[in-house]
Amino acid sequence: MTQRVDLATVMDRLAIDALITDYARSVDDAAWSAYRGLFSPDGRADYRSAGGIEGTADEVADWLAQNLRIFTMRQHLVVNRRLRFNLTDGAVGDDARLEADYFNPMRTGSAGSAPDFECGGRYLFGLRRDDAGWRIALVEVHEKWRRIRRSPGAD
C-alpha cells in the first residue's frame with residue numbers, strides 16, 4: 001500500500017467520523033434538516049428496537065421531531081467505533097459499515113436537573129460515498145437497555 005492510498009484511507013476515516021458526529025449532534029440539537037442531509041437519497045433508518053419506526057430519512061426525521069420534543073435535553077455519546085471498508089481491487093471502495101456503541105442520557109425536566117431517561121445500545125451504519133462525500137445509507141438502532149428515573153413521590 002502506498003502512502004497516497006494510506007492518506008486517502010485516513011481522510012475517509014476522518015470524513016466518516018465527522019458524519020457520525022454530525023448524526024448524533026443533529027438528533028441532540030433537533031436539527032432535522034441537517035439530519036436529512038446526512039443520508040443518501042435512498043437512505044433509511046430503523047429505530048424499531050427502541051420503540052420507534054423504520055422508514056426513509058424524511059419519515060424518521062418527522063417521527064423523531066414529534067416524539068423527542070418531550071426531552072428538554074438530549075446527548076448522544078457514540079463510542080467504540082468499528083469501521084470496515086468494502087474493498088474494490090484491494091483499495092477502499094465506496095461502501096463501508098460502522099458499528100458503534102451509544103449512551104444516550106435525556107431529560108424531561110427543567111434545565112440543570114439530572115437526566116431522567118437513559119438508554120444504550122449499538123448503532124449499525126451502512127455508509128456510501130457519492131459525489132457529495134460519505135453519506136448514511138442505513139442506520140439501525142439496537143437498543144440494549146434503558147432506565148427511567150421516576151421523581152420522588154411519583155406513582
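## Salt bridges: the term and the model

A salt bridge is counted here when a side-chain nitrogen of Lys or Arg lies within 4 Å of a carboxyl oxygen of Asp or Glu. One example is the pair Asp 95 and Arg 128, whose closest N and O atoms are 3.9 Å apart. The two residues sit in distant parts of the chain, Asp 95 in strand E5 and Arg 128 in strand E6, 33 residues apart.

Before going on, a word about what you are looking at: this is a predicted model, in which local features need pLDDT of at least 70 and side-chain atom pairs count only at pLDDT 80 or more, while totals for chains, interfaces and linings use all residues. Residues are numbered from 1 along each chain as its sequence is written, and side-chain values use heavy atoms, with hydrogens and water left out.

## The chain as a whole

The protein chain has 3 helices and 7 strands.

The C-alpha trace spans about 65 × 25 × 25 Å along its principal axes. Of the 155 residues, 38% count as buried; buried means under 20% relative accessible area, exposed means over 50%, and partly exposed is in between, using a 1.4 Å probe and protein chains only.

The whole structure holds 14 salt bridges. Among them is the pair of Asp 58 and Arg 36, with 3.0 Å between the closest N and O atoms. Asp 58 belongs to helix H3 and Arg 36 to helix H2 (residues 32-37), and they are 22 residues apart. Asp 58 is partly exposed at 43% relative accessible area, and Arg 36 is partly exposed at 27%.

Glu 118 and Arg 149 also meet in a salt bridge, at 3.1 Å from N to O. Here strand E6 supplies Glu 118, while Arg 149 comes from the segment after E7, 31 residues apart. Glu 118 counts as buried, at 8% relative accessibility, whereas Arg 149 is partly exposed at 41%. Salt bridges that share partners also join Asp 12, Asp 94 and Arg 129 into one network.

## The largest pocket

A pocket is found on a 1 Å grid over the protein atoms alone, as an open set of points with protein on both sides within 12 Å along at least five of seven lines; its lining residues have an atom within 4 Å of a point.

The lining has 23 residues, and Ala 50, Trp 63, Leu 68, Met 106 and Arg 146 lie nearest the centre. Helix H1 (3-28), helix H3 (57-67), strand E5 (91-107), strand E6 (117-130) and strand E7 (133-148) each give two or more residues to this lining. By type, the lining has 15 nonpolar, 5 polar and 3 charged residues. (Ala, Val, Leu, Ile, Met, Phe, Trp, Tyr, Cys and Pro count as nonpolar, Asp, Glu, Lys and Arg as charged, and the others, Gly among them, as polar.)

Note on methods
1 Å grid on protein atoms, 1.4 Å probe; cavity = no way out; pocket = protein on both sides within 12 Å on 5 of 7 lines; lining within 4 Å. Helix = DSSP H or I, 4+ residues; strand = E, 2+ residues; numbered from the N terminus.
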